[in-house]
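Let's take a friendly walk through a protein model. Have the sequence and the 3D view open, and find each spot as we get to it.

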Amino acid sequence: MAEIKYNDDRAISFLCPFDQEESIMDQCFIGIDLGTSAVKLLLMDDTGRIVKTVSREYPLSFPQPGWSEQDPDDWFTQSIDGLKELISGCEQAVRGISFGGQMHGLVVLDDEDRVIRPAILWNDGRTGEECEYLNGTIGKDVISAETGNIAFAGFTAPKLLWMRKHEPENFERIEKIMLPKDYLIYKLSGVHATDASDASGMLLYDVKNRKWSEKMCELCGIREEQLAEVYESYEAVGEILPSIADELGIRKDVLIIAGAGDNAAAAIGTGTIADGDCNISLGTSGTIFIAADDFSVDEANALHSFAHASGRYHLMGCMLSAASCNKWWMEDILRDEDMASAQKEIGDLGKNHIYFLPYLMGERSPHNDPLARAAFVGMSMDSTRGEMLQAVFEGVAFGLRDSLEVARAAGLNITKTKICGGGAKSPLWRRIIANVMNLTVETVEAEEGPAMGGAMLAAVGCGVWKDVKEAAAAVVRVSGTEEPDAELVKLYEERYRTFRKIYPALKGIYPEV
């Protein structure tokens, strides 16, 4: 029997391969988090304990300023390589595979299943004219009535319009239209499938009625048969292809479960399922995710109204740069990867005189402005490195609060939130979030974001739990709580009022720069 040990987070780590004739697990499940810079793979047993995680990186290209692309075959190649390491020694225990994936990306295949062009990603800002056409010429009211949302630069439908105009020969070759994680589903199962949560971000899907919008397909010049069949996130789309099963050494009856968009998958992993539950993600992008039993749209369409992986709905505010702001500042500008030491330079919270607008890639919620750019405001001769890092942390928190204020204005009473993502590992950043947003912030024991949610969806799809609510009750445990401090909340309230004035003051300059 292989020796195992428990880490601090109660995950299991392998110290040596399994013996061929015995295993500590009868069945296990895989969650694949297809991120922007890497794929993270997670192995979970049928009690919800994490057995192992593996990560594989792949390149991201920026062919022009504001553009963002990737090669879908890199996703598949690195996922297969990671899977081999992940399940080494326990191949026959694998029962199901599911996903959490970066949303909105446009993947197009021809009639021989070849990738036509690099995927245009969620943080690509090239579709300003197309969004103006949809929101202005066609009209926000029409688009919202059809989909529950308005056009944002990162959404899939504007990218199709861009491709039709700028790459007409490629556009005419399109046989299949996919989202990033759905390309993995196709490569693993041979099934052209998506799920309701991920489809919601395409601006081609009638979210309220959970069906493709005929009008949006017509506007984009596509046929509905080019789009995937839509499943709920916990439903099986098929079994793994025999050739892939042989390559991985796993059973040929392993189920491929539809999975979810990354934020919906992360919400499952943190137990953000019941009506009014909230989760904040501090990943490459930043989101505030509010689960809802019923479909609703805020008055200005500032928040996204999407289907949830639970089978219900959610509201979500998304900022394009969150933890990536910190990575940019520390690694690209300061050339310093010692984050722990850098945070020691941060002084009193709530009293910093420097502000940071976190719009490195433009902004989605609530401004919907692909031309917006980042800025430091308020520096003086005595400004310090620590104050500027603090401004980055606070700027992301202020940006997330912008979306929270939209939800509050719509009548939602949010008092606490779960938190996940790489940025959530910083106690200081969690404290700033709690006080800027005046929310109780809870961390969970197994904070593995979309990969954990994907594994839970796989287990639900294979019948371990009857639904995601039962799965969350069995798996998710709160491990820490950050309560807001009344004095800090007051200080940050004053600073937030100032922060809200900066974007309108700079908005007119962005088209020039």
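## The seven-strand sheet

In what order do the seven strands of the open sheet line up? Going across, the order is β20-β21-β19-β18-β24-β25-β26, and the pairing is mixed. At the edges sit β20 and β26 (478-482), each of which pairs on one side only. On average, neighbouring strands here are turned by 30 degrees against each other, if you ignore direction. Before you go on, keep in mind that this is a predicted model.

Now zoom in on one pair. Strands β24 (residues 416-420) and β25 (residues 440-444) run parallel and are joined by three bridges.

Helix α9 (residues 262-269) lies across β18 (278-282), β19 (286-292), β21 (313-319) and β24. The angle between α9 and β19 is about 65 degrees.

## A serine in an edge strand

Look for Ser305, which is part of strand β20 (residues 304-307). Is Ser305 buried or exposed? Its relative accessibility is 1%, so Ser305 counts as buried; the cut-off for buried is under 20%.

What does the side chain of Ser305 reach? It gets to the backbone oxygen of Ser296, at 2.7 Å. Leaving out residues up to four places away in sequence, Ser305 also touches a group of others, including Gly148, Asn149, Val207, His314 and Leu315.

Start with helix α1 (residues 72-86). It has 15 residues and reaches 21 Å from its first C-alpha to its last, close to the 21 Å expected at 1.5 Å a residue. Its buried residues are Pro72, Trp75, Phe76, Ser79, Ile80, Gly82, Leu83 and Leu86. The N-terminal end of α1 is capped by Asp71, with a side-chain oxygen 3.0 Å from the backbone nitrogen of Asp73.

Then move on to helix α14 (residues 449-461), with 13 residues and a reach of 19 Å between its first and last C-alpha, close to the 18 Å expected at 1.5 Å a residue. Just after α14 comes Gly463, with a positive phi of about 90 degrees.

## A tryptophan in α10

Trp329 lies in helix α10 (residues 323-333). With a relative accessible area of 7%, Trp329 is buried. Which residues does Trp329 touch, not counting those up to four places away in sequence? They are Leu334, Phe376, Met388, Leu389 and Val392.

Trp329 and Ile419 are 90 residues apart in sequence, and 22 Å apart in space.

## Cysteines without disulfides

How many disulfides does the model have? The count is zero.

At 8% relative accessible area, Cys131 is buried.

Finish with a few spots in the loops. Where is His104 found? Look in the loop between β7 (94-101) and β8 (107-109). His104 has a positive phi of about 75 degrees, although it is not a glycine. Its relative accessibility is 3%, so His104 counts as buried.

Asn301, in the loop between β19 and β20, is a non-glycine residue with a positive phi too, near 55 degrees. Asn301 is buried, with a relative accessible area of 10%.

Last, go to Pro366 in the loop between β22 (355-357) and β23 (375-377). What kind of peptide bond joins Ser365 and Pro366? It is a cis peptide bond, and omega is about -5 degrees.

Definitions and conventions. Residues numbered from 1 in each chain as written. Predicted model: local features only at pLDDT ≥ 70, side-chain atom pairs only at ≥ 80, totals over all residues. Heavy atoms only, no water. Helix = DSSP H or I, 4+ residues; strand = E, 2+ residues; numbered from the N terminus. Buried < 20%, exposed > 50% of the residue type's maximum accessible area, 1.4 Å probe, protein only. Polar contact = N/O pair within 3.5 Å; in protein donor to acceptor, adjacent residues only side chain to side chain. Contact = heavy atoms within 4.5 Å. Expected span 1.5 Å × (residues − 1). Pairing = 2+ DSSP bridges. Axes fitted to C-alpha atoms, helices over the stretch in contact; angles between N-to-C directions. Disulfide = S-S within 2.5 Å.
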